[in-house]
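Okay, thanks for coming, everyone. I've got one structure to walk through today, so let me put it up.

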Amino acid sequence: MNEFEKKLKRRLNVSTFICLFSVILYLLLNFLTKTASDFAQGISMGVFVGIELVSVYMLVSSYTALNNKEKLKEMYINETDERNMAIAKETSQKSALISMIGTALATIVAGFFDKKICLLLCAVVFFD
């Protein structure tokens, strides 16, 4: 159970980093590209809000589990169940999540520079 708590603490730290990094990246790109079109700003705002919502959800669930032994045990059972582990191995959930986050961040960046590339990356995020 201690290993699982360490895993949740790492997850909490990663979620915090993603929340802060996406805010900083969004504000920096807004400052650097003030002349971007409304479309680009709208797409980047939507992707930014999506990233923030997922990150905040991960933060809240990890923090709640770390402070509540019953929820920690329930989350531990859900994540260590053999059936769930087999499904996770086959679908490669972790790599898909990392890929999705990277593509979403690239969508934000591309929105400030080229509309076509931004649309393409937005479609990739949507269908991923």
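Let me start with charge. The protein has 14 positive and 12 negative charges, and their mean positions sit 4 Å apart. For that count, Lys and Arg are positive, Asp and Glu negative, with His and the chain ends not counted. Each charge is placed at NZ of Lys, CZ of Arg, CG of Asp or CD of Glu.

Quick housekeeping: this is a predicted model, where local features need pLDDT of at least 70 and side-chain atom pairs count only at pLDDT 80 or more, while totals for chains, interfaces and linings use all residues. Residues are numbered from 1 along each chain as its sequence is written, and side-chain values use heavy atoms, with hydrogens and water left out.

So what's the fold made of? Six helices and zero strands. Helices here are DSSP runs of H or I, at least four residues, and strands are runs of E, at least two, numbered from the N terminus. The C-alpha atoms fill a box of roughly 50 × 30 × 15 Å along the principal axes.

Of the 128 residues, 30% count as buried. Buried means under 20% relative accessible area, exposed means over 50%, and partly exposed is in between, using a 1.4 Å probe and protein chains only.

Now, how many salt bridges does a search of the whole structure find? One. The cut-off is a side-chain nitrogen of Lys or Arg within 4 Å of a carboxyl oxygen of Asp or Glu. The pair is K69 with E5, and their closest N and O atoms are 3.5 Å apart. K69 lies in helix α3 and E5 in helix α1 (residues 2–32), so the bridge ties together parts that are 64 residues apart in sequence. As for cover, K69 is exposed at 58% relative accessible area, whereas E5 counts as buried at 18%.

Staying with helix α3, which spans residues 69–80, we also find I77 there. I77 is partly exposed, at 48%. Together with M1 and Y76, I77 forms a nonpolar surface patch with about 270 Å² of accessible area. Patch members need over 30% relative accessible area and no salt bridge; like charges are joined within 9 Å, and nonpolar side chains (Val, Leu, Ile, Met, Phe, Trp, Tyr) within 5 Å. The areas are Shrake-Rupley with a 1.4 Å probe, and for residues only the protein chains shown count as cover.

Last stop, helix α4, residues 82–91. Zero of its ten residues are buried, so α4 lies largely in the open.
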